[in-house]
Amino acid sequence: MFDKLLEAQKKAEEIKKRLDTILVDAEVEGGKIKVSATANKAITSIEIDPEFLKTADREELEELLVTAVNKALNQAEQVSQTEMQAATRDMMGGLGNIFGK
């Protein structure tokens, strides 16, 4: 049983490392602001179109940045949940043998 728990912990660590390598992108205003994040919900880049930056006021820019970041984080969360659900199914299949099923 202990071996199965160690295996599950190792699998979770592998998933976390893999999520660091999966990138998601979000954009607003037709690509004028782009945000990239890992599936572990770490923002990796923010790009703002220089022409848009010249004409946007501070409030508009702040609102659009929040929207773009939230979109990227939501996408990252979806990817993360999908990966974790798949891994949980795999692990639960192995853990079922602990109880002789």
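Q: Where do Glu51 and Lys54 lie, and how many residues apart are they?
A: Both are in helix 2 (residues 50-55), 3 residues apart, which is about one turn of the helix. Helices here are DSSP runs of H or I with at least four residues, strands are runs of E with at least two, and both are numbered from the N terminus. The model is a predicted one, in which local features need pLDDT of at least 70 and side-chain atom pairs pLDDT 80 or more, while totals for chains, interfaces and linings use all residues. Residues are numbered from 1 along each chain as its sequence is written, and side-chain values use heavy atoms, without hydrogens or water.

Q: What makes the contact of Glu51 and Lys54 a salt bridge?
A: The term requires a side-chain nitrogen of Lys or Arg within 4 Å of a carboxyl oxygen of Asp or Glu. For Glu51 and Lys54 the N to O distance is 3.3 Å, so the pair meets the definition. In general, side chains of opposite charge can pair when their charged atoms come close.

Q: Why is Lys54 called exposed?
A: Its relative accessibility is 64%. Exposed means over 50% relative accessible area, buried under 20% and partly exposed in between, with a 1.4 Å probe and protein chains only. Lys54 therefore counts as exposed.

Q: How do you know that Arg58 forms a salt bridge with Glu62, and where do the two lie?
A: The closest N and O atoms of Arg58 and Glu62 are 2.8 Å apart. Both residues are in helix 3, 4 residues apart, about one turn of the helix. As a rule, an α-helix has 3.6 residues a turn, so residues three or four places apart point the same way. Arg58, at 66%, is exposed, whereas Glu62, at 40%, is partly exposed.

Q: Which parts of the chain does the pair of Lys41 and Glu77 link?
A: Lys41 forms a salt bridge with Glu77, with 3.1 Å between the closest N and O atoms. This pair links distant parts of the chain: Lys41 is in the loop between strand 2 (33-38) and strand 3 (43-48), Glu77 is in helix 3 (residues 58-95), and 36 residues separate them. The search of the whole structure finds 4 salt bridges.

Q: Why is Lys41 called partly exposed?
A: Lys41 has a relative accessibility of 38%, so it counts as partly exposed.

Q: What makes strand 2 and strand 3 a pair?
A: Two strands pair if DSSP finds at least two bridges between them. Strand 2 and strand 3 have 5, in the antiparallel sense, and the bridge partner of Ile33 is Ile48 in strand 3. Their hairpin has 4 residues between the strands, and Lys41 there takes a positive phi near 70°.

Q: How do you know that strand 1 and strand 2 pair?
A: The two are joined antiparallel over 6 bridges. Ala26 stands opposite Val35 in strand 2. Strand 1 has Val24, Ala26 and Val28 on its covered face, and Leu23, Asp25 and Glu27 on the uncovered one.

Q: Why is Thr38 called buried?
A: Thr38 has a relative accessible area of 7%, so it is buried. Thr38 is found in strand 2. Contact means heavy atoms within 4.5 Å; apart from residues up to four places away in sequence, Thr38 touches Leu19, Asp20, Ile22, Leu23, Thr44 and Ala76.

Q: How do you know that the buried residues of helix 1 line one face?
A: Ala8, Ile15 and Leu19 are buried in helix 1. Seen down the axis, the buried residues fall within an arc of 35°, so they line one face of the helix. The arc is that of the directions from the helix axis to the C-beta atoms. On the other side, Phe2, Asp3, Glu7, Lys10, Lys17 and Thr21 are exposed.
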